[in-house]
Amino acid sequence: MLFTRPNPDHHLPFFFGAACGILTLSAAQTILKQNENIYLQMFLNLLFKPRYIPLPSILLNCSPSQTPRWINLGCWHPSSNASYADACTSMVNLVKAQLSKINHDYVIDVGCGNGDSLRCWDKPSVGVNITPREVELAKINGDCILGDAEDKDCFRGIIEARGRDNRAAVAAVDCAYHFSSRSNFFKNCKDFGFDVVVTDVVLKDGHGWLRRKLIEMACKIAGIPRRNVLTKREYREVLENMGYRVDIQSVPGVFSGFSNFAKRQADICEANGLRFEGLGAQIDDLKSKGIFLAGCEGAFEYLVITAKI
C-alpha cells in the first residue's frame, strides 16, 4: 500500500498542524481520565498503542457452555444467533470447502492459534505456530509444531516427517495478513509445491490520501504490515506472477459480525466478573475493537483465496 508524502514546500503549515494536534491529544487524555468514553479510548489506542496486542482467548470464548480457545474474526450470518465458536468454525469450513477441491493427503494449518481448527479438517493435519504457549495448547487438539511459515526449514521438517510421497495442502485461517511478509509465505509454498487456501483481508479501491493515512493507523493496531495491505487486483497479480492459478471469493459481514459480537461479549465478560480478575483493560479494549471493526466494512473486504499450482 502506497502513501503520499507531504509536500516539502509546506513544512510550516505541517508543523503548525502537528503542534495543534499534540495540544488536542493532551486535552483528550485529560478528558479520558475524567470520563470513560469508549470512542475516545479507541482513538487514543490507535495513536498511542501502535503495537498489536492480542486479546486473551478467555475474553472471546467466555461462556458458561464453551471451553474452546478460538482466535479468529469468524464468519457471521446475519439471520443466525451463532456463538463465537460456531462463527469461527464456519470460517474454517470456508477453507475446508476449497480444500475439498484440491488433491492432498494432509493439511498444514499455519497460524493455527490454540489449535481448535486442528479438529475440523477432513484429512490428517499438522499445525504450525510461532507462539510457544499456543503450540502447547494446540497439542491438546492435534499435532502442532513451533515454527514460522515464512521459514523454509519449517516446511522442510514437516515434509521429512510426513514422507515425501504424501502431498500437503496449506491452510491459513485469518492469519496471513499478520505475517511479516505474506509474499514470502506464498513463495515458500510454491517452492515446495503446495496448493494454498487462505482467508484474508484486502483494501477496497478508491481511497484518497487522508483515508489511506487512517488505514495505515488501523493496520498498526491490527498488527498488519503495510506491505500486506493490497487491493484484490494487486493480490491476484502477486500470486499469478508467482505462477499460481487463483480463485477469489468475497466473504460478507465478517467485520460487522465480529463487531456486534465484541460488544455483546464485553458485557458477558463483565457479568462473569472478569474485570475483577485483572482483565478490565482488555475488556475495554474488546469494546473499542468492536467499534473499530464496525468501520472496517467501508475500507476493507474479506476474502477466501485459493492458490493452486
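A: Begin with burial: a residue is buried under 20% relative accessible area, exposed over 50%, and partly exposed in between, using a 1.4 Å probe and protein chains only. The model shown is predicted; local features need pLDDT of at least 70, side-chain atom pairs count only at pLDDT 80 or more, and totals for chains, interfaces and linings use all residues. Residues are numbered from 1 along each chain as its sequence is written, and side-chain values use heavy atoms, leaving out hydrogens and water.

Q: How many helices and strands are in the protein chain?

A: Helices (H or I, at least four residues) and strands (E, at least two) are DSSP runs, numbered from the N terminus. The protein chain has eleven helices and seven strands. Of its 309 residues, 46% are buried.

Q: Why is E4 described as largely enclosed?

A: Strand E4 (168-172) is largely enclosed by the rest of the structure because five of its five residues are buried. In a regular strand the side chains alternate between the two faces of the sheet. In E4, Ala168, Val170 and Ala172 lie on one side and Ala169 and Ala171 on the other, and all are buried.

Q: Which strands pair with E4?

A: Two strands pair if DSSP finds at least two bridges between them. Strand E1 (residues 106-110) runs parallel to E4 over five bridges, and Asp109 stands opposite Ala171. E4 is also joined to E5 in the parallel sense, by four bridges, with Ala169 opposite Asp195. Between E4 and E5 the chain passes through helix H7 (residues 182-191), in a right-handed β-α-β crossover.

Q: Is the pairing of E7 with E5 parallel or antiparallel?

A: E5 and E7 run antiparallel and are joined by eight bridges; Val202 has Glu301 as its bridge partner in E7. Strand E6 (residues 245-250) also pairs with E7 in the antiparallel sense, over six bridges. Eight of the nine residues of E7 are buried.

Q: What is a nonpolar core, and how many residues has the largest one?

A: A nonpolar core is a set of buried Ala, Val, Leu, Ile, Met, Phe, Trp, Tyr and Cys residues joined through side-chain atoms within 4.5 Å. In soluble globular proteins, nonpolar side chains tend to be buried together. The largest core here has 41 residues, and Leu73, Trp121 and Phe300 are among those with the most contacts inside it. Helix H4 (84-99) is one of the elements that supply at least two residues; with eight residues, H4 gives the largest share. A second, separate core has 31 residues, including Ile108 and Val170.

Q: Where is asparagine 72, and which residues does it touch?

A: Asn72 lies in the loop between helix H3 (57-61) and H4, and its relative accessibility of 7% means that Asn72 counts as buried. A contact means heavy atoms within 4.5 Å. Not counting residues up to four places away in sequence, Asn72 touches Tyr84, Cys88, Met91, Val173, Asp174 and Phe258.

Q: How many disulfides are found?

A: A disulfide is a pair of cysteine sulfur atoms within 2.5 Å. A search of the whole structure finds zero. For Cys88, the nearest cysteine sulfur, that of Cys120, is 9.7 Å away.

Terms used: A crossover is right-handed if, with the strands pointing away from the viewer, the path from the first strand over the helix to the second runs clockwise.
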